[in-house]
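Biologist: Could you walk me through how to read a helix and a ligand site in a model like this one?

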Amino acid sequence: MSNRRTFAIISHPDAGKTTLTEKLLLQGGAIHLAGEVKARGQARRARSDWMKIEQQRGISVTSSVMTFEKDGITFNLLDTPGHEDFSEDTYRTLTAVDSAIMVIDAAKGIEPQTRKLFEVCRMRSVPIITFVNKVDREGRSVFETLDEVADALALDVVPMSWPIGMGGVFQGVLDFATDTISRPEGDSREFLGTRTPAEGIPDDIAEEIELARGGYPDFDLEAYRHGDLTPVYFGSALKNFGVTELIDAIAKYAPPPRPQPSEQGTILPEAKEVTGFVFKVQANMDPQHRDRIAFMRLVSGTFKRGMKLTPSALGKPVAIHSPILFFAQDREIADTAEPGDIIGIPNHGTLRVGDTLSETNKVRFTGLPNFAPEILRRVVLKDPTKTKQLRKALDDLSEEGVIQVFYPELGGQWIVGVVGQLQLDVLISRLEAEYKVEAMLEAAPFDTARWLKGSDAALKGFADFNVANLAKDRDGDPVFLARSAWDVSYQQEKNPDLVFSATKER
Ligand code: G4P
């Protein structure tokens, strides 16, 4: 069986994703000093020799894929950009993983961004391990947190450990599998690695634990892998509690590389042909360089440097001479990659999000969706004679996955849609640098968009009343531009023959 575990961390800003990432990498020996993932300022990256490549290319690749090894398992941790970097890439990354860790703050519970990312995981049945972080601080009651996860996400929950008090009375974490306690030690109150027998638990907490052990079902691997159940670990990334248990859980329970759906049927990781799909393209922000790195998730076969693969959109084979293979320790440029691994492919715009790469050019992976934008803006040209260039640029950039574009049925002002503010900044600077188009963005009277599906008659009936809210996307598919989420549900109710879809398969 494959020893690869390809996963992402989903969380709301501040829940502790960076701290946890750093601790996971430390355990795998991928970085040697705490504090290096979270560099100050804009650069948040693990120390690595990729820096050289990054400096040459002006593209930050390090933080996109972090690989580490432990006990014979190779972990590929894909970054899901958050904060101001939140973008469609954040969602798309979840299409390239086999499982996810959901980090929640013990005091805050499920927050909006966690929920959004969870929905994407659910859509793709990505199994989730929950990590309740910051138990060294005051938090909600453990039962309350477990109930919230179960109710909010409609998942069965199985506590795998239990905090012995929180905040001022925090005395460690009891691991149910081994019946041992990791306790805070020394002045820093960190866990230093010695587990002790489960003794001396205060009565009230012992009672809770007994209730929990009787009241929750046993962990069920199948239900977890189907995305119906989440095992819940309690810990503190900052103080090292629960981190080892979490890595062990990924190694033991998280699924190895999964088969991927394609137009030609399911492609198994064991298949001999090398196949993969591009889930993200990162462009150089420096207008002097048109370099891009396409991130491909390898689905099947053993990739070797120099191998020829055919990108589906290009139709002819290209030799992949200088792929970036992400590895822990010193093997920075390895020669092979296995299913589940991510390969960075430098290119000049030939590779697009959603492309399939394969040896025979006979496979087309499906299921890499566009996600309904959460920010819509009108594009206004400073020089109105540049309409043609603008149209070309918007088509290109939407094809590349930077933005989505909508052409309203009425009026000449085009609308762009994104899920994160950063995408808008990238749009404006690339319009100027690459297309010599100066544009501004104005508020649009719409809040979100839904792809419409239905019979021609149903679509026409809808258009008769709502033409001011209709647009076409880049492919000419009909889109409903909505003023609010309420507007969407209202129209949905009024038009039961139409499907209002928040995603669209590319
Ligand atoms: P994020 O990537 O999810 O946004 O979160 P990040 O790891 O940056 O953590 C956010 C804040 O929470 C940081 O504090 C971090 O030190 C703290 N934190 C993370 N895990 C734990 C934990 O287990 N216990 C406690 N008590 N705190 C935790 P900060 O003050 O915002 O940043 P810094 O100045 O300390 O770096």
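Modeller: Let's begin with packing: the buried residues of α11 are in contact (heavy atoms within 4.5 Å) with β26 (448–453), β27 (470–473), β28 (478–482), α12 (485–494) and β29 (499–501). Helices (H or I, at least four residues) and strands (E, at least two) are DSSP runs, numbered from the N terminus. This is a predicted model: local features need pLDDT of at least 70, side-chain atom pairs count only at pLDDT 80 or more, and totals for chains, interfaces and linings use all residues. Residues are numbered from 1 along each chain as its sequence is written, and side-chain values use heavy atoms, with hydrogens and water left out.

Biologist: Which residues of α11 are buried?

Modeller: Buried means under 20% relative accessible area, exposed over 50%, partly exposed in between (1.4 Å probe, protein chains only). In α11 (residues 456–466), A458, L459, F462 and N466 are buried. Down the helix axis they fall within an arc of 95°, so they line one face of the helix; the arc is taken from the directions from the axis to the C-beta atoms. D456, A457, K460 and D464, on the other side of α11, are exposed.

Biologist: And which polar atoms lie by the ligand's oxygen atoms?

Modeller: For a polar contact, look for a pair of N or O atoms within 3.5 Å; within protein, one must be able to donate a hydrogen and the other to accept it, and residues adjacent in sequence count only if both atoms are side-chain atoms. Here, a polar side-chain atom of T18 lies 2.4 Å from a ligand oxygen atom, and a backbone N or O atom of D14 lies 2.7 Å from one.
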